[in-house]
Each structure stands twice: as structure tokens, then as C-alpha cells.
Amino acid sequence: MNQNTVMIETELGDWRRTHYSDRLSPQMADSDVTVMGWVLSVRGHGNISFMMLKDKEGEIQVLAKAGSCPDEVREKISRLKAHSSVGIKGTVKPSEKAPRGIEIIPKEIRVFSEVEKIPPFEPYAKTVKNIDTRLEVRPIDLKRKSLQHIFKARSKILQAIRNYFYENGFLEINTPKMIATATEGGAALFPIFYYNKEAFLAQSPQLYKEQLTMSFEKVFEIAPIFRAEPSRTNRHLAEAISIDVEEAYVDYNDIMKRIEDLIKISIKTVNDYFKENTDSEFITVNMPDKIPQYTYSELVDKMQKVGAKTEWGDDLYPSNLKKIGLSGFYFIKDWPIGPKPFYVKMSKSDPKISESFDLMFGDLELSSGSTRVEKRAELEERMKNKGLKIDAFEYHLRAFDYGMPPHAGCGIGLERLIMSLTGTENIRDATFYPRDVDRLTP
Ligand code: ATP
Ligand code: MG
């Protein structure tokens, strides 16, 4: 073989991939192909090197053997470190010993980005204990199989949820994320500079989505919410994605039905994904015919019966929910009105409670929703009682002078939904680049 004709290029140039790895088959024996991806591993000795190349669809073995490929190519391959980004032109060859019954005999290689360092963890690593080590090099971390499955399932779930809304006559909206006043007044807001004024990052699209039911009746938004959560937990992020729904001429019971539809669709999607990807190690999620509904008061009674320290009016803490052994998806409805935001409607049958619900998965809250107040006078009354400045909300209240329809809605935390469906323990692994008290990079 001529030793001097092969140069190792480092630019993509006019090379284009002809096949993803999963498209290569023994039937393609002797075809010339161009594959691209990153190096998973290189092993070998002396005159023979085996490289596993990974692209977004799978893996393929490249066999560089003296005599059957140019020496420069073989030597280059033998020295490549994991994660290096390369392109290979070569010939497909069936091989009983190769992982998928085929391998590529390389003719040329282009090394686009050569890794010189030892990566902080192996591309195959099943678990890497320290999440901070992983997050520091998140794009590499996200190549690992377990995370690939979470995010591929997440994308499918989002697609299914969007389809549901489109098929059911909802309009997709986007509301401002830079706002002048807090939605619910008070805490957990990130202040920002807005030209020469103070403003905030939106903690929820609440007021805007309510207003938009006047114009469009049925709206949804899938977008970030910002919460200056002071605590370090496995279920809170400073920036999360909320699936927000708002619908005119319905009440909170109708919204619970919508959620039931969405949960059913999400479970079907994730179970289908699981069937197609048997290595994903997701646990099949069971869907009851109906998501059980418990009233707040009923659960307080149950808690008191098992000796949990809780009073009517207290929040239902995860530790107490655990004590009464609730699991899977369920609703807690008819919460005390006291702690609820001003826009949540009071129950007609009992002024102490509200037409509201939380969707739960075990002790994890996935969604809060309610019937909303549609009458300006009632809203103002509620705001006054909460010590909110009515003037600051005039931009919102003014809309209620012009025929606000009765409406209801909810916000579902996407990351928490993904946690429940994929068995992910830490919310940081249900988002690409988590933001929390300690983390603003990468
Ligand atoms: P929690 O009590 O768990 O802090 P919350 O009641 O303050 O949640 P809501 O204001 O009701 O949250 O928001 C609706 C949904 O948005 C929640 O049920 C949850 O799924 C999601 N969510 C809210 N805050 C966060 C957060 N900081 N990180 C991730 N998801 C969140
Ligand atoms: Mg809530």
C-alpha cells in the first residue's frame, strides 16, 4: 500500500454522512459509506485497532488492520481518545464477531476535534456518582444512555401533549417573561434591570393566560417559569418549564379531566418508548381508568387518624402524605381558600374552601389548578385581604371591565412530570441545564 497518499484532514469540507450507524446492514456488504460521530472506545494492539463510533442513532465498529487500510489511518485510529469527533469513509464488511454483524474497513479518516484530555468519566458509564462532576461537562454527560433515554422520552411526551392541545382546539401562546409586578405578590421573584426600572422574571404566565381566554377561549403555553426558590431540594429548580392551560366556560372539574387526558397520553407515550427501547430501564407506569380524587379535608382526617401532626388549614407536607401511603397519580381538591392566590375561586358551598386541586404523584406535586375569579369586584376584595396593591394590578384588572368569561386552568411542571414518568429521582436530570441556588453555569 502506498504510504504517502493519505493526509489526515481536520475539516468537514465536502464530506457528508451517507448513513447513520443504524442504517448499515450486512446486506450492504462492499458498499462505500461515510459515517460520522464520536469515538466511544479504541482497543487493539500492533497492527490491528477496533474503534467503536457512536452517532445519534447507534454504534458501529471500525476495523483498522494493517494491509487492509492505509497505515496513516490505522495509526491515527489507534491513538484516538474517547469523545473525539471524526468522519470515516470506508467499506461495509459483514463480520460475525462485530457487535452488529458488520464493521467498516476505513479508507480515509477526518479528525474534526481531537480529544487530548482524559474525559472526566467514561462515555459508557452507567452511573456517575457526583452530579456536579457531570453538570460541569453537561453535553458529555447528556451522551450517556440513561440521560439520552430521559430526554428522548421527554421530547416525545412534549410532542404528544402539544398534539393533544392542537387537536382539542387550544391556541399556543407566549406571554412576557419580563414583568412589572408579581403574579401572586411577594416572594420567590428574581428582580432584573429593565432599562432604568426594576422588573421581575415571571414566576408564572397566570394573569396573561387568564386575559387571553377573553380573546381565544382555550390557550396553552409551554415555557419557562422563574422561581427564586431558596431551598436545595431534588424537586425545585430556579428555572423550570411549565405547561400552562387556561380555558373559558369551564370549571376546575373540567381541567382535572384535561389533566387526566394529558396523563393518559403521557403514560402511553412513555410506555411506547419503553417498548421500543428495552434498554431504557424505565419502569412501566400504570394508568388507572380514573385518577382518584381526594378532598383536602378527607386527607387531613386520614393524617390525624394515623397520628400525623397536622391541623385543618396546614399545607399537606410530603412526610405526612407518606404516612397515609398514597401512591401513583391522584388529585387533592377543595383546598382551604386562605393560602390560595387571589385569582382562585371560592367554593359556592363553603366559603372556607376553594375550587382548586393539586395533581400529585406519590408525595410529589405535579400541578396546581383552579376555577378562577372572573368578577372584578371579587378580585379586588381578595387582593385587599391579601394586602396587595390594587393599583399595581390595574393593567390586569382593567380587562375584567369588558366581559371576562368564567374560566379555569392549571400549570403542570414539565420536569416533575418527566420525573414521575421515567423514575428520575433528581429534577436536575429532567432538564438540560439546571438552574438552582448554587448553579448558574454551564
Ligand atoms: P411546591 O409547593 O412543590 O414548591 P408550588 O405549589 O409552589 O410547588 P405552583 O406555583 O403551584 O408550585 O406551580 C405549579 C407547578 O409548577 C407545580 O405543581 C410544579 O409542578 C411546578 N413548579 C413550581 N415551582 C417549581 C420549581 N421551583 N421547580 C420545578 N417545578 C416547579
Ligand atoms: Mg402548587
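Tyr-294 has Ile-332 of strand S13 as its bridge partner. This is a predicted model, in which local features need pLDDT of at least 70, side-chain atom pairs count only at pLDDT 80 or more, and totals for chains, interfaces and linings use all residues. Residues are numbered from 1 along each chain as its sequence is written, chains are lettered from A and ligands numbered from 1 in the order in which they are written, and side-chain values use heavy atoms, with hydrogens and water left out.

**Exercise 1.** Determine which strands pair with S13, and in which sense.

*Solution.* Begin with strand S12 (residues 293-295), which runs parallel to S13 and is joined to it by three bridges. Next take strand S14 (residues 356-361), which pairs with S13 in the antiparallel sense over five bridges; here Tyr-330 has Met-360 of S14 as its bridge partner. Strands (E, at least two residues) are DSSP runs, as are helices (H or I, at least four residues), numbered from the N terminus, and two strands pair if DSSP finds at least two bridges between them.

**Exercise 2.** Decide how the two faces of S13 are covered.

*Solution.* Phe-329, Phe-331 and Lys-333 on one side, and Tyr-330 and Ile-332 on the other, are all buried, where buried means under 20% relative accessible area, exposed over 50%, and partly exposed in between (1.4 Å probe, protein chains only).

**Exercise 3.** Identify the protein donors of the magnesium ion (ligand 2).

*Solution.* The donors, which are N, O and S atoms within 2.8 Å of the metal (3.2 Å for Na, K and Ca), are Glu-365 (OE) and Ser-368 (OG), lying 2.2 to 2.3 Å from the ion. Because water is not among the atoms, sites may look incomplete. Glu-365, found in strand S15 (residues 364-371), is partly exposed at 31% relative accessible area, and Ser-368 is partly exposed at 29%. An unreviewed UniProt entry covers Glu-365 and Ser-368 with the annotation "binding site", although such annotations may be inferred rather than shown by experiment.
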